[in-house]
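Me: I am new to this structure. Please pick a single part, take a close look at it, and then show me what lies around it.

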Amino acid sequence: DASCLMFSEQGEVLDAIWFQQLTSKDGSIRHSGDNRTGAGDGDDETITVDLSRVPAQVKSLIFTVNSFRGQSFEKVQNAYCRLVNAQNNQEVAKFNLSCQGGHTGLVVAKLYRHGGEWKMHAIGDNAVGRTFHDMMPQLSALV
C-alpha cells in the first residue's frame, strides 16, 4: 500500500493520502486506489502529485509503502516502488522492495520546499508497520 503524507514546517501532519483517503483535501494529490492482488501489468498503485497545487503551508511530502497484511517484502515477488516525473515520463528513483529484507514498510522518499523550489531526497529506510500510522515516529523525525 502506497501513502503520501503532507507535513507543515512545524512537523504537523496536514493530510494523508492512502487507501482510505484517495485525494488530498486540497485536490493536489491523488491515489489510484488499493490493489490487493498485484494483478495486472505495470504499477499497481500510483500517487499523482501536482506540485503547483500543493498549498504553501505544506513544507514536505513523505512517501511510504506498507504491506497491510503484514507479509514481509522479501516474500512479495517483483515488488518495487518508483518515482516518475509525469511531464517527461522519466523515472527519477526506483526501489526493489523484494530484495529489501524481512520488513513490512519502507520510507521511500521526501519531496520538500527549499529556496522556492521542490527538491527530492530518496530515503529507502526499512520500517515495520501495516500502515503509515505505525511508522509515525520514524516519519516525524524526517521532517
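Reply: A hairpin and its surroundings

Strands S8 and S9 form a hairpin, with 2 residues between them. In that turn, glycine 115 has a positive phi of about 60°. The model is a predicted one: local features need pLDDT of at least 70, side-chain atom pairs count only at pLDDT 80 or more, and totals for chains, interfaces and linings use all residues. Residues are numbered from 1 along each chain as its sequence is written, and side-chain values use heavy atoms, with hydrogens and water left out.

S8 covers residues 105-114 and S9 covers residues 117-127. The two run antiparallel, joined by 9 bridges. Strands count as a pair if DSSP finds at least two bridges between them. Glycine 105 faces alanine 127 of S9. Helices (H or I, at least four residues) and strands (E, at least two) are DSSP runs, numbered from the N terminus.

The charged end of lysine 110 sits over the ring of tyrosine 112, 5.2 Å from the ring centre. That label needs NZ of Lys or CZ of Arg within 6 Å of the ring centre and within 35 degrees of the ring normal.

Which residues does serine 60 touch, leaving out those up to four places away in sequence? They are Leu5, Met6, Phe7, Lys110, Leu111, Tyr112 and Val143. A contact means heavy atoms within 4.5 Å. Serine 60 belongs to strand S5 (residues 60-66). Its relative accessibility is 2%, so serine 60 counts as buried. Buried means under 20% relative accessible area, exposed over 50%, and partly exposed in between (1.4 Å probe, protein chains only).

Now step past S9. Phenylalanine 132 lies in the loop between S9 and H1. In space, phenylalanine 132 is 9.3 Å from leucine 106, C-alpha to C-alpha, though 26 residues separate them in sequence. At 5% relative accessibility, phenylalanine 132 is buried. Beyond its neighbours within four places in sequence, phenylalanine 132 contacts Ser3, Leu5, Ala16, Trp18, Thr64, Asn66 and Leu139.

The whole structure holds 2 aromatic pairs. Rings of Phe, Tyr and Trp (its six-membered ring) pair if their centres lie within 6.5 Å; planes under 30 degrees apart are stacked, over 60 edge-to-face, and the rest tilted. Tryptophan 18 and phenylalanine 132 make an edge-to-face pair, 5.1 Å centre to centre with 85° between the planes. Tryptophan 18 sits in the loop between S2 and strand S3 (29-31), and phenylalanine 132 in the loop between S9 and helix H1 (136-140), so the pair ties together parts 114 residues apart in sequence. Tryptophan 18 is buried too, at 10% relative accessibility. Ring pairs join Trp18, Phe19 and Phe132 into a cluster.

Finally, the chain as a whole. It has 1 helix and 9 strands, in the order β-β-β-β-β-β-β-β-β-α. Of its 143 residues, 39% are buried. The mean pLDDT (the predictor's confidence in each residue, from 0 to 100) is 84, and 85% of residues reach 70 or more. Confidence is lowest in strand S6 (residues 80-85), with a mean of 79, and highest in strand S2 (residues 13-17), at 97.
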